[in-house]
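Okay, thanks for having me, I'll keep this short. Let me put the thing up on the screen and then we'll walk through it.

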Amino acid sequence: MAASAVASPRVHDFKVVLLGEGCVGKTSLVLRYVENKFNEKHESTLQASFLTKKLTIGNRRVNLSIWDTAGQERFHALGPIYYRDSNGAILTYDITDDDSFQKVKNWVKELKKMLGTDIMLTIIGNKTDLEKQRNVSVETAEQYAESVGATHFQTSAKLNRGVEEVFLDLSRRMIEQADKQDAEKRALSPSSRSTAAGNVVLLEETPAAPIKSGCC
Amino acid sequence: MASLQNRRRHSSQAARRSSTFLGCMGGGGAHSSTMPRKLHLSSLARKNSVVFHNDCDDNEDTYPDGSDTCSSKECSDVLDAIVDKSDASVLRWKVEELAAHLTLITQEIFQELQPHDLKSLKWYNARLKNEPESVRVNEITRRFNYDGQWTVKEILNCETPRQRADLMSHLVRVAKRLFELNNFHSSYAIFSALKSAPLARLSHTMALLPKKDRSTIDELDAVFNPENNWQAFRDYQESAGFPRIPHIGFYKTDLIHAYHAYLNPAERERRMAVIEQRVFDLFNRSNYGFLEVNNELYNYLKSLRYLDELQRFVDEENIKRSRALEPDAVEKGKGSTKGSKMNDESFPKQRHSQVDPTEDDGLDDNSTNLIDDSHIEEPMRLPSLSLPSSTKHSLRHSQCSSIGRSSFLGIDALQHHFSWQGPVERKSVVRDGRFQYFPRWKRVWMAVWGTNLVTFKPKNPFRASLREHFQTLPSSIHPLSKWKLITSTALEAIEKGRTSALLEFTLVAPDSATVLKLKTANVTEYREWIKFVRGAINQAENPSNLINLDS
C-alpha cells in the first residue's frame, strides 16, 4: 500500500447510535457484535456496559463507541441529546413489524434534518430468522434505503447472521466520510494542498479482515 | 463530586436571586400604576375569554409584555386538534409554583409503581402495553412526555422571539428549580424539551435568552449528559438527597441489557432485581408534602394530555410551526451566502433583510411574517422580496444579545414591561413645534412601553448598537395617544429610488408639535416596530380612529 506512507495512521474515534423501536432486537445485535456482554468491571455497578469495539480496516484503526438506549425509546425528547455528534447511526426495524419500519423512516427524517449528510446511515432489517412472518419486503426496504443514501442489511441477531458486516460497512463509510472532510479542510487551507491527493486514496477495497482485538 | 456540589450550592443561590427577581417583577406592577394599565388588562381579559384559563387575569404577576400579545388563536389553529387548549400565559405562575406542582404530580405517579413492574420488562413490548405492569411504568414516561410536550407547545405558541424568549427563560428556571427539588424526572423532561428539535433550532429566541439562563442550560447540560452512559447524571442523581424523584431512563436500559446479557435465568433474575431495587431506593417513597398546593395550577398541569398515538403528528406540527416562526438559516442561505459580502457593502442598512419566497409554505396566512409572525404590511411585501437577501445571520442577533445582556441583568425592571425595543435611527423633523432645518439621523434606543414611546440616548454617539451603549434613564417619553403613523409605501420608495426609505416611518404628534422619523436596521425590525407602534396607538384610542395612511 503505497498510500500508507502518506495517509496518517491516525485512530478514528467514531460514535455510532443505535435507533429503532423497542423489541426490534437492537440490543441483542450490538451485544452480539461486541461480544463482551456485561463487562466484568461493570458487574459491581450493574450498569449497561459502555459498548466499544476496536477494529482495523486496512491500515486504519477505528474505535467505535456504540450507544444503545434500549428501553428509553419512549422518553420522547431525548433523541437529539443522544444522537448529537454521532458519525453513524444504525436504524433497526423488525422485518415482521411494519410499524417499526415506519419508525425507522421517522428517524431517518429527523437525523437528516438535524445532522445533514455528515452522518452515515445504516438500515437493518432484523429477525430474518422469522422470515415466514415477514411484513416488510426486502425490495421496499432497499429502495427506501437507497433513496435516502443509506445502506441496507438484513440480520439475525439470534443466529448471528450479517451482524459483522453491518459494523464493518458502516465503519468504512465513516472513514470515507472523515477523509472527505479532511480533504475539504485541506483544500480550504492552501498550505497543505500537496498532501491532499495522497490521502484521498481509500483502502477500503482491500478485503479487510477486521482484526478483532477485544474490547474496552 | 465536590465541583458538582459546588455547582449545586451555586445554583440554589441563583435560584434565590431569581425568586427575588420574580418578586420584583410582580412588584413591577407599581411602575405601571402610572401607566394606563386598564387597557392592558382588558386586552388580557379578552384573550382569556377565548382560552382555557380565564379566571386569573387580574393576577399582577403576569409579565404584561409577554402575555398579552401571545396569540393563542393562531397556534390553536395548528395544534388545537391534538392538544388541549391552554392559556398562553404560563408566565403568570411563578417558577416555584410550577416546579412544586409538576413535582407533586410526578410523585403520585411514582408512588403507584410496584415491585416487579420494571423487572417484568412488559413495558418494553408494545404488544403488552395494556398489562397493568406496563401501564404503571409507561405512566412515568408518559408524564415525562406530557411535560416536554407542554414546554414545546407553550413556547411555540408565542408569536415573537421576544415572547418566546421570556417564556423559555421562565421554563429554564422551572427546570432548574425542579433540579434543586431533586425532581430529576421533571427537570430532565423540561430540559430535554428545550433541547428538542423544534425549540433548539429557534436561534433568534435563543439569542434573546438572558445570559444567566443560558448558563443555567449549560450547567444542566453538564449533568444531563449522555456521555459514558449518563455517568455524570447517574452519579449526581444517586448522591442527591431525599426527597428525590429519579429519572429512570438509563435504569431501563440497564434492565434490558441485563436481560440480554445474562443467559442463566437465575443470574438474570438476580441482576435485574438489583437494578430495579436501585430505582426504588432512589425514590424511597419520597414525600413532597411540604409543597403547597394550588388547586387551579394542579388541575391545569394534571390536565395536560395528548394521545401517544398522535405524537408523530404533533412532532411534525411542532417542527412546522417552529420553521414557520424562524425559517432555517441554512435553507435561506442557499443562494445568498456568496453574494453576502457584496450586498453588505452596497446595502449596509439592509443586511438582515429576509423573506424568501420559497419559505411561504409554512403558513397559509400570507399576512404573517414567517420569521417572527409579525404582521406583514401588504405594500411591504413585494419590495421586501427585492431587497438583497444576503445573510443567514440571525435576524435580531445584534440587538438580541444586547437585550439579553443588559436589560435582563436587572438594570431596570421597568424594561421587562417593554413590548418592543431596539436601536433605531431617529431624526427630529419638528421638535417642540419648531421645524428643524438640518435634522440629522441619530442613533437612539427606543422602546414601546404600553402606549408610550420611550427614547434612550447613547452614552457615546460613535458606539451605539447594544443596549448597554445607551443610557439607562430615558431622555424622553411620548404618549402615543392620537399620534399618526405614516409609512412610505413601496411605490413611493421605488419611485424615489431609495429602497432604504422602506425602513423608515414617521410619527406625527396630534398637534404636529413633534414629528419624528425613525429608521430601522432591517425589514423584520421594521415590521416589528410598525406592529408595536401601531398597537400602542391603537391601544390608546378607539381602533376605529386609527389613521393608517397605508391603506
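So, let's start with one side chain: A:R134 is buried, at a relative accessible area of 19%, where buried means under 20%, exposed over 50% and partly exposed in between, with a 1.4 Å probe and protein chains only. Its partner is A:E131, and the two side chains meet in a salt bridge at 2.6 Å, N to O. For the record, a salt bridge here is a side-chain nitrogen of Lys or Arg within 4 Å of a carboxyl oxygen of Asp or Glu. A:E131 counts as partly exposed, at 41% relative accessibility.

Some housekeeping: this is a predicted model, so local features need pLDDT of at least 70 and side-chain atom pairs count only at pLDDT 80 or more, while totals for chains, interfaces and linings use all residues. Residues are numbered from 1 along each chain as its sequence is written, chains are lettered from A and ligands numbered from 1 in the order in which they are written, and side-chain values use heavy atoms, with hydrogens and water left out.

Over all chains, the structure holds 27 salt bridges. Have a look at B:E326 with B:R164, closest N and O atoms 2.8 Å apart. B:E326 sits in the loop between α17 and α18 of chain B and B:R164 in helix α8, so the pair ties together parts 162 residues apart in sequence; helices are DSSP runs of H or I, at least four residues, and strands are runs of E, at least two, numbered from the N terminus. Both B:E326 and B:R164 are buried.

Then there's B:D221 with B:K195, at 3.6 Å between the closest N and O atoms. That one links helix α12 of chain B to the loop between α9 and α10, 26 residues apart. B:D221 is buried at 16%, whereas B:K195 is partly exposed at 22%. Salt bridges with shared partners join these two and A:R84 into one network.
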